[in-house]
Amino acid sequence: MSDSEASSFEKAIASFECMSFEGREYLRICSSNEVFQKKGRNVFFDEDVQIAIIRDGNELYAVSNICPHQYAAVICDGLIEEGTVTCPLHGWIYSLDSGKALGSNARLKTYHVFEWNDGIWLEKPVQLTPP
């Protein structure tokens, strides 16, 4: 990964308010009213780190926005129902809780996310290298 890519990732991280809670670093991604029921919101850090924030009922989830099937950044546009998200390109269904694909060994990375003080707070991601 080049220095310019690393700096763009770090610039993306630095653009968010940060806080520590229970030994973890969290970023304030957006206001609570910007994450709608059964709609995904993509948070772009770089080409390899994109995170879908999803509200399903009273639960918030954060999973990689990149489907591992063909490395497409589309999970935030998937159908959300009963604690799962379906990739709109390939139809793979993932558990929002575990990130595991139903009927496969594929998995979306999951992140801790919570709502506090009218904001959505996401566990600070780490920079990845391309697959």
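Arg 55 is buried, at 12% relative accessible area. This is a predicted model, so keep that in mind throughout. The side chain of Arg 55 meets that of Glu 115 in a salt bridge, 3.1 Å from N to O. Arg 55 sits in strand β4 and Glu 115 in strand β12, residues 113-116, so the pair ties together parts 60 residues apart in sequence. Glu 115, for its part, is partly exposed at 38%.

Asp 56 is buried, with a relative accessible area of 11%, and Lys 38 is partly exposed at 40%.

The count of salt bridges comes to three. The remaining pair is Arg 41 with Glu 34, at 3.5 Å between the closest N and O atoms. Here Arg 41 is partly exposed at 28%, and Glu 34 is partly exposed at 31%.

Now the nonpolar side. The largest nonpolar core has 19 residues, and Ile 29, Phe 45, Ile 51, Ile 53 and Leu 122 touch the most other members. Strand β4 comes up again: along with α1, β2, β5 and β13, it supplies at least two residues of this core. Take Ile 29: beyond its neighbours within four places in sequence, it contacts Phe 16, Val 43, Phe 45, Ile 120 and Leu 122. Apart from that core lies another, of 17 residues, including Cys 67, Val 74, Cys 76 and Leu 96.

How values were computed
Residues numbered from 1 in each chain as written. Predicted model: local features only at pLDDT ≥ 70, side-chain atom pairs only at ≥ 80, totals over all residues. Heavy atoms only, no water. Core = buried A, V, L, I, M, F, W, Y, C linked by side-chain atoms within 4.5 Å. Buried < 20%, exposed > 50% of the residue type's maximum accessible area, 1.4 Å probe, protein only. Helix = DSSP H or I, 4+ residues; strand = E, 2+ residues; numbered from the N terminus. Contact = heavy atoms within 4.5 Å. Salt bridge = Lys/Arg side-chain N within 4 Å of Asp/Glu carboxyl O.
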